[in-house]
Amino acid sequence: MDKSARQQALLEIICQERLSTQAELCAALAARYGITCDQGTISRDIKELGIVRLTDASGSYYGRLAGSLPSSNEAFLLSRLVRRVADAGNLVVVHTDAANAHPVAEALDRLAFPEVVGTVAGDNTVLVVVKTAGKARRVMERIMTIAGLDSGPHNGNKRERKKGGKSAK
């Protein structure tokens, strides 16, 4: 398993579960994805992905702060350049500002999602071809998670990102 796939799996786990120790994260990676790694690897991934320990009334757990920028190149590019994401059948459409689609497509290719067949970049749009329609939503949600986008008012799956303090509509 390569680093980007492991880190992607780690991001999915912390979005879906509240785990409070690195040992629990290792166990979840092994149980859900068959990924085995040591605690040192998890510790480095946590640092690179900008994962922090969050605390609430029920205790502490690993998560990401809203608006935090991950340090890995692919996640950093997505968090800076992706504006909206939508799914349509077995396709995922990723919107960027003008001239930013190519670096986003390259970042998505490097992330190597197993469900993705390929990407096609225009000037401000990346078309992501997914193996099946059922997996397209999952890919869309992963991209949104990495990009730091939330579900929004537009069909429940995309949100405009503010650019320079103004809405990028």
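1. Basis of the model. The model is predicted, so local features need pLDDT of at least 70 and side-chain atom pairs count only at pLDDT 80 or more, while totals for chains, interfaces and linings use all residues. Residues are numbered from 1 along each chain as its sequence is written, and side-chain values use heavy atoms, with hydrogens and water left out.

2. Overall architecture. The chain contains six helices and eight strands; helices (H or I, at least four residues) and strands (E, at least two) are DSSP runs, numbered from the N terminus. Along the sequence their order is α-α-α-β-β-α-β-β-α-β-β-α-β-β. Of the 169 residues, 43% count as buried. Here buried means under 20% relative accessible area, exposed over 50%, and partly exposed in between, with a 1.4 Å probe and protein chains only. Among contacts (heavy atoms within 4.5 Å) between residues at least 6 apart in sequence, 52% join residues at least 24 apart.

3. The nonpolar core. In soluble globular proteins, nonpolar side chains tend to be buried together. A nonpolar core is a set of buried Ala, Val, Leu, Ile, Met, Phe, Trp, Tyr and Cys residues joined through side-chain atoms within 4.5 Å. The largest one here has 42 residues, and those with the most contacts inside it are Leu 25, Leu 78, Val 85, Val 92, Val 94, Leu 108 and Val 128. Helix H6 (residues 133-147) gives the largest share of this core, seven residues. At least three residues come from each of domain 1 (3-63) and domain 2 (72-147), the domain bounds being taken from an automatic or database domain assignment.

4. Helices H1 and H2. Two packed helices are described by the angle between their axes and the distance between the axes. The axes of H1 (residues 3-16) and H2 (residues 22-33) come within 10 Å and cross at roughly 105°. Such axes are lines fitted to C-alpha atoms, for helices over the stretch in contact, and angles run from 0 to 180 degrees between N-to-C directions. H1 and H2 are therefore roughly perpendicular, a term that covers 65 to 115 degrees. From H1 the contact involves Arg 6, Ala 9, Leu 10, Glu 12, Ile 13, Ile 14 and Gln 16, and from H2 Leu 25, Ala 28, Leu 29, Arg 32 and Tyr 33. These residues divide into eight nonpolar, one polar and three charged; Ala, Val, Leu, Ile, Met, Phe, Trp, Tyr, Cys and Pro count as nonpolar, Asp, Glu, Lys and Arg as charged, and the others, Gly among them, as polar.

5. Helix H4 and its cover. In helix H4 (residues 73-81), the buried residues are Glu 74, Ala 75, Leu 78, Ser 79 and Leu 81. Their cover includes strand E3 (82-88), strand E4 (91-96), helix H5 (101-111) and H6. Ala 147, in helix H6, is buried at 2% relative accessible area. The C-alpha atoms of Ala 147 and Ser 79 are separated by 3.8 Å, although these residues stand 68 apart along the chain.

6. Two loop residues with positive phi. Most residues other than glycine have a negative phi. Ala 99, in the loop between E4 and H5, has a positive phi near 70° and is exposed, with a relative accessible area of 53%. Ala 112, in the loop between H5 and strand E5 (116-121), has a positive phi near 55° and is partly exposed at 38%.

Notes. Parallel < 35°, antiparallel > 145°, perpendicular 65-115°, else oblique.
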